[in-house]
Amino acid sequence: MNQSQPNEQQRIWRERVRSEGSIIDYNTTPVVEIHHPAGRTAKQDGVHIGHWYILPLVPGQHKMIDEGASGLTRLKTMYEQGHMLEEDSLSHLTLHEFELHAFELLVTRLRAYVPFDPEVMNAIRV
């Protein structure tokens, strides 16, 4: 199966995720981009995860991911403030761990709408 383009169920999931606003600070500006932490065509242990493992971000936040350590530090600070967490509570997380943390929060918030099997979530957690 070609996974470069999302199927109908994945498109519905993407738009549901987008409608939540930024996972960093719940910003719902007119433009909420979808970040694919593992890439659109990613597979883990033979399970397609690319179009399921997504995060909603506003454009400036999305760009911070590509800025390396300084961008990640700013994202974590924004996330802590947006979620009223203790300052530096996420400082120990790598980019991969931070993205997974944010995704797990998103899945918890949207649990009634999650269209993928536990097998997909297990593959994402690897």
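Guide: Let us begin with accessibility: buried means under 20% relative accessible area, exposed over 50%, and partly exposed in between, with a 1.4 Å probe and protein chains only. This is a predicted model, in which local features need pLDDT of at least 70 and side-chain atom pairs count only at pLDDT 80 or more, while totals for chains, interfaces and linings use all residues. Residues are numbered from 1 along each chain as its sequence is written, and side-chain values use heavy atoms, leaving out hydrogens and water.

Visitor: Why does Trp52 count as buried?

Guide: Trp52 has a relative accessibility of 8%; the limit is under 20%, so Trp52 counts as buried.

Visitor: What makes the pair of Trp52 and Phe116 tilted?

Guide: Rings of Phe, Tyr and Trp (its six-membered ring) pair if their centres lie within 6.5 Å; planes under 30 degrees apart count as stacked, over 60 as edge-to-face and the rest as tilted. The ring centres of Trp52 and Phe116 are 5.5 Å apart and the planes stand at 55 degrees, so the pair is tilted. Trp52 belongs to the loop between strand 3 (47-48) and strand 4 (55-57), and Phe116 to the loop between helix 4 and helix 5 (118-125), so the pair ties together parts 64 residues apart in sequence. Helices (H or I, at least four residues) and strands (E, at least two) are DSSP runs, numbered from the N terminus.

Visitor: Why is Phe116 called buried?

Guide: Its relative accessible area is 9%, and the limit is under 20%; Phe116 is therefore buried.

Visitor: What makes the pair of Phe103 and Phe116 stacked?

Guide: The centres of Phe103 and Phe116 are 6.3 Å apart, with 20 degrees between the planes, and the pair is stacked. Phe103 is in helix 4 and Phe116 in the loop between helix 4 and helix 5, 13 residues apart. Both Phe103 and Phe116 are buried.

Visitor: Which residues form one aromatic cluster?

Guide: The cluster consists of Trp13, Trp52, Tyr53, Phe103 and Phe116.

Visitor: How do you know that helix 3 is roughly parallel to helix 4?

Guide: Axes are lines fitted to C-alpha atoms, for helices over the stretch in contact, and angles run from 0 to 180 degrees between N-to-C directions. Angles under 35 degrees count as roughly parallel, over 145 as roughly antiparallel, 65 to 115 as roughly perpendicular and the rest as oblique. Helix 3 (residues 69-82) and helix 4 (residues 95-109) pack at about 30 degrees, their axes 11 Å apart. That makes helix 3 roughly parallel to helix 4.

Visitor: Where do helix 3 and helix 4 meet?

Guide: Leu72, Leu75, Lys76 and Tyr79 of helix 3 meet Leu95, Phe98, His101, Ala102 and Leu105 of helix 4, contact meaning heavy atoms within 4.5 Å.

Visitor: What surrounds Ile24, and is Ile24 buried or exposed?

Guide: Ile24 lies in the loop between helix 1 (8-19) and strand 1 (33-35). With a relative accessible area of 1%, Ile24 is buried. Neighbours within four places in sequence aside, its contacts include Leu75, Tyr79 and Phe98.

Visitor: Why is Met84 called exposed?

Guide: Met84 stands at 77% relative accessibility, and exposed means over 50%; Met84 therefore counts as exposed. Met84 is located in the loop between helix 3 and helix 4, and has a positive phi of about 55 degrees although it is not a glycine. Most residues other than glycine have a negative phi.
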